[in-house]
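Hello,

Here is the structure I promised to pass on. Have a look at it first, and then read my notes below.

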Amino acid sequence: MSRLLLKRLGASLVTIWAVFTISFFIIRAAPGGPFDADRDPPPDVKRAIEERYDLDAPLWSQYLDQLQDWMMLDPGPSLRQPDHDVASILAAGLPISLTIGGLALLLGTTVGIFLGLIAALRVGGWLDHLIVVIASVGISLPLYLIAGMLVLAVSFGLGWLPPAGWESVPSLIMPVLCLALAPAAQAARLVRSGLIEMSSEEFARTARAKGISPFRVLFRHCLRPALIPLVATLGPMAAALLTGSLVIEQIFAIPGVGMHFIQGALNRDYPLVLGAVLLYTVLLQLMTLLADLMLLSLDPRLRGDAS
Amino acid sequence: MPGRGHKPMIAAESGQTMNFRTIVIWISFGITASILALLWRAPLPGRADLVIGNGTDPGSLHPHRATGNPEGRIIRAIHEGLVLLDPETLDPMPGCAQSWQISADARRYQFQIQHGLRWSDGTPLDADDFVRSWLDLIDPIQGAPYGDLLESVTGARQWRNGTGMREQVKIQALDSTWLEIEFDHPVPWFLYLCAQTPLQPVHPDSDGRAGPGIATNGPWMLTRWSLRDRIRIETNPEYRGPSRPTLKSIDFLAAESANTQLNIFAAGLSDWTVRVPAAAIPILRSDPIWSPRWRADPYLGISFYRLNLERPPLDDPAVRRALSLSIDRQQLCRDVLGGDPEPAYGFVPWPSPAIERQQQKLIDRGIPSALTSGLPGYRAMVAIGSEYNGLRGVIPAHQVASEDWPRLGYDPRGARELLSEAGWRVPGSTEGREIPTLEILHPSGSTSSLVAQWLQLAWKRELGLDSTIQTLEWRSFLDVQRAVDYDISRSNWIADYPDPATFLTLFTSDSPNSRTGWSDSQYDQSVALALAEADPELRMQLWQRAEKILLERGPVLPLWSMTSGNLVSEDVTGFFANPLDQHDLRAIGRKSR
């Protein structure tokens with residue numbers, strides 16, 4: 001197990017470095033710069049600004065400098081918000097994204113598994129059809145539409161929750177619900193099909209023949225192997241949820257880290273973009289590892305391969 | 001993945017159950033931890049006396065580095081310049097300076113600083129602080145984006161281009177209370193500049209940064225800066241200036257999306273929002289509930305298209321003129337822009353007929369409001385279509401009656417005749433050269449896109465002109481515009497101070513912001529003469545001459561005079577229309593709460 005972890009850590013470091021390098025050169029290849037505006041300062045002043053942020057140095061030397069800064073975990077100030085360090089900007093948003101994303105992930109997977117279980121129990125029945133339809137709608141409807149309708153209905157129709165902001169626990173309910181929808185739908189579909197497949201296996205038939213109730217067969221015997229496909233997709237899903245969603249953060253004015261991916265790139269805030277991308281990469285590596293460990297615990301056949 | 005034919009797992013039921021249970025326990029632990037993390041967050045402040053939906057999250061709050069309105073609104077509240085502007089009339093009033101003297105030629109200003117002023121950390125503030133702050137603003141090494149506002153200070157340009165020194169710049173403290181500044185040419189707008197963001201004093205220990213803990217000198221100080229969430233300012237106990245604001249605390253909410261800002265306002269979570277979605281404007285104007293709260297007042301900004309004079313056929317003045325005359329700006333303002341902005345036929349926005357029409361619109365909406373002219377003393381020029389009262393070409397705007405204003409610059413037949421005379425093919429004719437396809441470049445954004453499509457259709461219909469539209473994200477757009485690699489490109493220009501100079505110096509040959517390839521020695525000369533002229537009347541005439549040249553031969557296609565767009569709760573008092581859209585928070589109060 002520790003050899004596996006060590007191997008994964010090594011591979012992760014290489015991946016992170018590759019992502020850093022590619023992102024650095026891609027964002028620098030984008031036209032325009034961080035200090036462009038409607039109104040240009042005189043050329044001398046522009047040069048002075050670039051000098052101040054080392055943007056006048058050759059690209060490879062900037063790359064090495066940045067790489068070194070990031071290895072020391074000190075990327076310096078943001079170019080658009082020079083009163084703040086990139087590290088502190090990300091540190092301010094991360095707990096918020098983790099909270100909302102974490103809650104959405106837990107809610108989504110729990111509800112999804114539950115719905116998948118019910119659908120599999122009543123396979124072919126109206127409840128099953130309903131859940132399949134809801135899951136399809138949940139996956140295909142764009143988030144901004146769902147969020148907009150939710151705000152209209154819950155905030156302005158019923159007046160129950162604030163339409164946006166980060167002021168109180170109630171203001172988190174709608175963002176979490178919106179974010180949880182896609183993972184719930186995905187989990188429901190995967191668990192349903194997994195359970196249907198498992199319930200036709202010999203062990204399930206045997207269990208039913210012994211007189212165990214259909215629910216107990218599904219819940220106690222089929223659910224675990226049926227979760228394997230879901231757990232396999234959980235890594236990337238968790239990383240995406242935990243690093244925030246641009247749409248949700250924008251609609252609900254949530255100060256998480258999701259917006260930095262887009263705003264950082266639009267503002268050519270090079271260190272911030274790199275920070276956001278690195279954060280996502282690290283989380284993705286971590287979540288994939290966790291998902292793999294969960295798979296190991298779910299599927300004994302994998303343990304032999306791992307060792 | 002589970003496959004058919006694998007070993008039944010029922011045999012390991014007990015172990016399985018435990019593993020599964022472990023996972024469930026872990027998940028429950030995760031949920032509990034998340035909820036605890038949620039509740040553990042730092043306590044949020046209670047509601048402030050005033051909550052402003054301030055648009056995008058501010059960049060820097062350092063006066064020398066800030067560039068936008070969201071930053072300016074906060075900086076001018078936590079700092080105080082030498083001069084404040086009357087919230088209603090924009091007349092200069094004492095701020096840190098209790099009085100001032102201006103030489104007859106408006107080239108030398110002397111300010112007497114109030115006694116006993118302090119920074120928020122309790123240290124005294126005197127004339128030297130202004131001298132240091134302003135020299136830092138000019139300092140080329142500091143790279144302040146608005147450093148050029150003080151470039152006409154004697155010695156500043158030389159310092160910035162490397163031929164002079166800091167000590168030679170004519171900003172000096174005569175003693176601890178008297179400050180003197182000298183300019184190369186008359187700068188009659190300098191008092192307005194003193195109230196603007198870049199000229200606010202900066203604490204000696206700020207080291208180029210701003211934030212809670214960095215001393216400022218305004219009636220409020222920054223106490224909380226939650227990134228992308230809110231900035232809170234609270235009364236500064238060390239403030240000794242002339243203002244007596246009534247609000248103890250103010251929150252500035254950051255929200256990137258205009259829809260969200262509107263939602264927050266509609267839910268009563270903010271008292272004033274500076275951004276609304278363009279699609280909502282027609283409803284805000286007409287709905288009886290929203291209309292009294294919607295403030296779209298004349299704003300000293302011009303929306304226009306830049307034309308690339310380095311590319312044919314735009315190097316032909318007849319083509320430029322025809323493009324302009326085939327635009328029904330009245331229809332554009334009404335149908336595409338929601339009805340608030342007024343058509344622009346000149347480059348200096350809000351001439352008197354436009355102001356009169358705007359006043360009428362307010363009266364029609366039942367909002368009594370006295371609008372003042374944006375540029376005191378200046379009689380803007382406008383380019384008209386066919387003859388008007390015996391006048392043709394570019395004429396002074398004040399000679400136009402406000403009822404004739406809307407269709408003044410719209411003359412598609414005249415446009416076709418102009419093209420035909422210049423040897424271009426027009427609809428219904430087979431003679432002349434065909435006008436090549438033009439590309440309309442604009443930055444991404446729904447309004448820009450709608451306007452571009454509307455123009456594309458108008459030019460096709462009126463002139464038979466084919467055009468394509470290219471949309472670029474903002475910085476890529478700026479890159480292309482700066483390289484003058486376009487045919488027609490969308491632009492706005494907002495006044496830094498209420499004087500024609502802020503608009504008309506944009507297109508001189510040595511301006512870094514012209515971006516059109518246009519150079520006209522007569523225009524340059526007119527601008528230089530206007531800048532050097534001390535006599536106010538003569539000065540304005542020279543600016544008129546410059547604007548006339550710009551409209552006759554220049555690289556601009558004016559579209560509309562801009563309006564501000566504020567949604568203000570009826571509880572808020574002291575909010576007045578003014579052409580800089582600057583609403584000093586010192587004057588703002590609340591009816592209730």
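I started with a helix pair in chain A: F203(A), A204(A), A207(A) and R208(A) of α8(A) meet P214(A), V217(A), H221(A) and C222(A) of α9(A). Contact here means C-beta atoms, placed from the backbone, within 7 Å. By class, these residues are six nonpolar, one polar and one charged; Ala, Val, Leu, Ile, Met, Phe, Trp, Tyr, Cys and Pro count as nonpolar, Asp, Glu, Lys and Arg as charged, and the others, Gly among them, as polar.

Before going further, please note that this is a predicted model: local features need pLDDT of at least 70, side-chain atom pairs count only at pLDDT 80 or more, and totals for chains, interfaces and linings use all residues. Residues are numbered from 1 along each chain as its sequence is written, while chains are lettered from A and ligands numbered from 1 in the order in which they are written.

The axes of α8 (residues 202–209) and α9 (residues 214–226) of chain A come within 10 Å and cross at roughly 140 degrees. The axes are lines fitted to C-alpha atoms over the stretch in contact, with angles from 0 to 180 degrees between N-to-C directions.

Chain A as a whole has 14 helices and zero strands, where helices are DSSP runs (H or I, at least four residues) and strands are runs of E, at least two, numbered from the N terminus. Its C-alpha atoms fill a box of roughly 85 × 55 × 30 Å along the principal axes.

The contact between the chains takes 55 residues from chain A and 54 from chain B. On the chain B side, α1(B) gives the largest share, nine residues.

Best wishes

Terms used: Contact = placed C-beta atoms within 7 Å.
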